[in-house]
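Thank you all for coming. I would like to walk you through one model this morning, going from the parts of a single chain to the way two chains meet.

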Protein chains: 4
Amino acid sequence: MTEQLSDPKLVAVLGANGRMGAEAVKAVEAAPDMKLVAALGRGDSLDKITAAGARYVVDLTVPESTEANVRFAVEHGIHAVVGTTGWDADRLAGLESLLAGHPETGVLIAPNFALGSVLASAFAAKASRYFESVEIIELHHPDKVDAPSGTAVRTAQLIAAERNAAEMPPGPDATTSELAGARGCEVDGIRVHSVRLRGLVAHQEVLLGGSGEQLTLRHDSFDRASFMPGVLLGVRNVAAHPGLTVGLDGYLDLGF
Amino acid sequence: MTEQLSDPKLVAVLGANGRMGAEAVKAVEAAPDMKLVAALGRGDSLDKITAAGARYVVDLTVPESTEANVRFAVEHGIHAVVGTTGWDADRLAGLESLLAGHPETGVLIAPNFALGSVLASAFAAKASRYFESVEIIELHHPDKVDAPSGTAVRTAQLIAAERNAAEMPPGPDATTSELAGARGCEVDGIRVHSVRLRGLVAHQEVLLGGSGEQLTLRHDSFDRASFMPGVLLGVRNVAAHPGLTVGLDGYLDLGF
Amino acid sequence: MTEQLSDPKLVAVLGANGRMGAEAVKAVEAAPDMKLVAALGRGDSLDKITAAGARYVVDLTVPESTEANVRFAVEHGIHAVVGTTGWDADRLAGLESLLAGHPETGVLIAPNFALGSVLASAFAAKASRYFESVEIIELHHPDKVDAPSGTAVRTAQLIAAERNAAEMPPGPDATTSELAGARGCEVDGIRVHSVRLRGLVAHQEVLLGGSGEQLTLRHDSFDRASFMPGVLLGVRNVAAHPGLTVGLDGYLDLGF
Amino acid sequence: MTEQLSDPKLVAVLGANGRMGAEAVKAVEAAPDMKLVAALGRGDSLDKITAAGARYVVDLTVPESTEANVRFAVEHGIHAVVGTTGWDADRLAGLESLLAGHPETGVLIAPNFALGSVLASAFAAKASRYFESVEIIELHHPDKVDAPSGTAVRTAQLIAAERNAAEMPPGPDATTSELAGARGCEVDGIRVHSVRLRGLVAHQEVLLGGSGEQLTLRHDSFDRASFMPGVLLGVRNVAAHPGLTVGLDGYLDLGF
């Protein structure tokens, strides 16, 4: 799966002192086809990136600084793989304008680098047009403040778009007597249920049901390490995808 | 597991034309230690029970007739195994008074004859005092009109009682931003989530979570046949349990 | 999802007295865009198909007769959807020769019509190149005589082909002390485990594991009815796929 | 759930530099009803235990030293909670002789301190007499050298003993054509399947099946922290259980 290159990819990690950034530093160092040339923490000058000769940056910083970081990279022809949140429509539009002037530079902005999670969402959307019913259960540790999770919301949106495109009716539901909340919340017409349980990390199930059969797509994130294969896959492929790509699924060979 | 008796148990099935009753007729006929001596449908006289020499009745009728059926059985010293709903506190009290005058006759009234479901609920309650978090997910076909299911409500009540007895605090939950319904409904302080999916029959999961671990107790009912082993177990044991027993768990060797 | 046609598709079901065929008869009768014009059982003359004006045949017969049935259909320009087993390489080659002379006629031969199962296998193969480890667990009723199931073998073959194409190494396994059989059997290098349990019908899980994450793809067949949406999808699409198609996935919009 | 005592329990942890021991040091320090008075590593003199005034020792050392450690504790009237392996029949017999002379001292030797795992095994054994079929699937990280796991072997033995006591026949299995290993290994007549997958830690499912229903008992260990509630429960209860107890289930209120 890895590119065989005589010269390793020169990578700078931004946000290297954060929890995700620290994992990325370790992952880049361990990758045989990469070389970590800079690890920047809060307050470090972006000039360290160019001084070190980096050809790739991995941005795992904070919403306040990610835009400036990525624009700096693009302006210097450095490809960027970005896991930081905070990229609203305005920021994305500005970045696309900038990239128009740097046609050989690629940027990947991915809200989720867990390969299994990205695949599960894509599969769920694709399958949902073949089943009468679909619901989502997401399960997380009890210190999480929002319900449902952002991943569950996005998965529901993907599914709803696919079902609308196929002109499918809503899933059947004869419920007439409900204790408030029993049937979960609704995101674009898709039911989502949020479980909070000590001991868990981040888990999601999409349940699809038809006459006499069920298809279940489950993803479990046990550990922050689960994001690193996706980050490395991003670094390995970003140069071959000039311009802006949002979502890691754009790099996966899903054919859809 | 079966008693080895030279003489088979003589059984009458009431409600024999209903879906559950028809299954019971088949199950009793197939049981090597039982003999079906009467199968009564709507409108049949209860005298057929005594005329046939039945020593056991299995009542799978309707709430309107179950009380008269069971009282008739007890008055004739015939043991009764009852799956019909509608036994409120008044009816139960009246039955206990009647049984006081027939000290050798046993009656089992069970809202649920699926052994696996009864065991799962009992285990869930027992385990719940050892885990910080517990939530219930029940999953049914989409033609069901009530949410959550009666079994889920009873399971939550059993769990809540056990946790209150152990003076456990509520499960942790940091949710501050919730899309209405995401966190399910609450039954005695226990969160319950109801999934409705074409293709399913009746399923329930109790999830228990503690530091670094999870215990999951899941029961699947695929078919009405799943109730029959419990009905037969009831017939085999009711004579040894004179008086009134509510709930099949009273006959299971659970030790608690 | 259904085509809106003024004229319904005229369908003949072959093997209409078998268990699958009887389900197909019901399914075709219930489909608003189809009309059942003939239902043939053992011994019926194939002329009934043409006499009834069928434009589609659904063959759910036995290995001994399926080849003659399908060839008869093709020779009369009738599209065929085939669920019968027994199509070895020789028969398929012969059929392709015949179809060469009838370029507008389509034949779908599908070993498995459960949409969820076909999707799960396709997704598993696609995902398997992104995970270090993959194993299969299939679970069936205890009256099944072969282990592993044919579906599990095919799924393992699809996965192995995908991983070989991506030049992936075998999954990691440090086992040095094994009680014989504990680690399952191997199909093309993929571990497969077969569970046999009373109460089950036909179920399969593909487990994919990488650093800190797991992706699980599970399919449950609860009932023979689960095959009918796939059969109808076949009838609706076979005319648009002239020539021979093996596997229902050829008709699904999977993009891969 | 904790005892309310004015005086905290004085605890010494042996093997404090090992991975489990280090977790135990943290857990004892965090427990409001305990006080860590000594933490011994390799080479430390056992006299540190008595010098520190410990009333309880937690032994998480190695098979070579655990026997001497526990005997030292008992000889000084100190209760011991032991997670170290290597206690064969000879050692246990010797320890019981020693305890006969110290009738107020308690020792708990537990091969598994994960409460959920201990509960799941106990429930599985208890339930297994009510189901025709039972099989075990255990799933671990791929660096594990033995298959099946010790916990799976013990669970199978408990189940087999329960089913033998109930004079149950073997589970049904019509397999006549098996690819070697597909049906797993057999432990006392119970089928066990071992999955090895990157990303997993330690997981086990017991599947029980009967007519039309399935009961699944699953335990997931995500983290070494999952053992600490069991260790603390041991310390809190060992004084009330003088003599030798093997297995944490002896302290759980399971009633069986």
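Let me begin with a term: buried area is the accessible area, taken with a 1.4 Å probe, that two parts lose on being put together, summed over both. What you see is a predicted model, in which local features need pLDDT of at least 70 and side-chain atom pairs count only at pLDDT 80 or more, while totals for chains, interfaces and linings use all residues. Residues are numbered from 1 along each chain as its sequence is written, chains are lettered from A and ligands numbered from 1 in the order in which they are written, and side-chain values use heavy atoms, with hydrogens and water left out.

In chain A, the domain assignment, which is an automatic or database one, gives domain 1 as 9–113 + 225–251 and domain 2 as 115–222. The centres of these two domains of chain A, taken over C-alpha atoms, lie 30 Å apart. Where they touch, nine residues of domain 1 of chain A are in contact with six residues of domain 2 of chain A, contact meaning heavy atoms within 4.5 Å. Between them the two domains of chain A bury about 610 Å², and 62% of that is on carbon and sulfur atoms. On the side of domain 1 of chain A that touches domain 2 of chain A, five residues are nonpolar, three polar and one charged; here Ala, Val, Leu, Ile, Met, Phe, Trp, Tyr, Cys and Pro count as nonpolar, Asp, Glu, Lys and Arg as charged, and the others, Gly among them, as polar.

How many salt bridges are there between domain 1 of chain A and domain 2 of chain A? The count is zero, where a salt bridge is a side-chain nitrogen of Lys or Arg within 4 Å of a carboxyl oxygen of Asp or Glu. Over all chains, by contrast, the count comes to 52. One example is Glu23(A) with Lys26(A), at 3.8 Å from N to O; these two are separated by about one helical turn, because they are three residues apart in helix H1 (residues 19–30) of chain A, helices being DSSP runs of H or I with at least four residues, and strands runs of E with at least two, numbered from the N terminus.

Now to the pair of chains.

The contact takes 46 residues from chain B and 46 residues from chain A, and the area buried between them is about 3,200 Å², with 59% from carbon and sulfur atoms. Since 100% of the interface residues of chain B are also interface residues in chain A, the copies meet through the same surface. Two salt bridges are counted between chain B and chain A, and Arg198(B) and Glu132(A) form a salt bridge at 3.0 Å from N to O. By class, the side of chain B that touches chain A has 20 nonpolar, 14 polar and twelve charged residues.

I will end with two backbone details in chain B. A cis peptide bond, with omega about 0 degrees, joins Ala147(B) and Pro148(B), and Pro148(B) is found in the loop between E7 and helix H6 (150–165) of chain B. Asp188(B), in the loop between E9 and E10 of chain B, has a positive phi of about 50 degrees although it is not a glycine.
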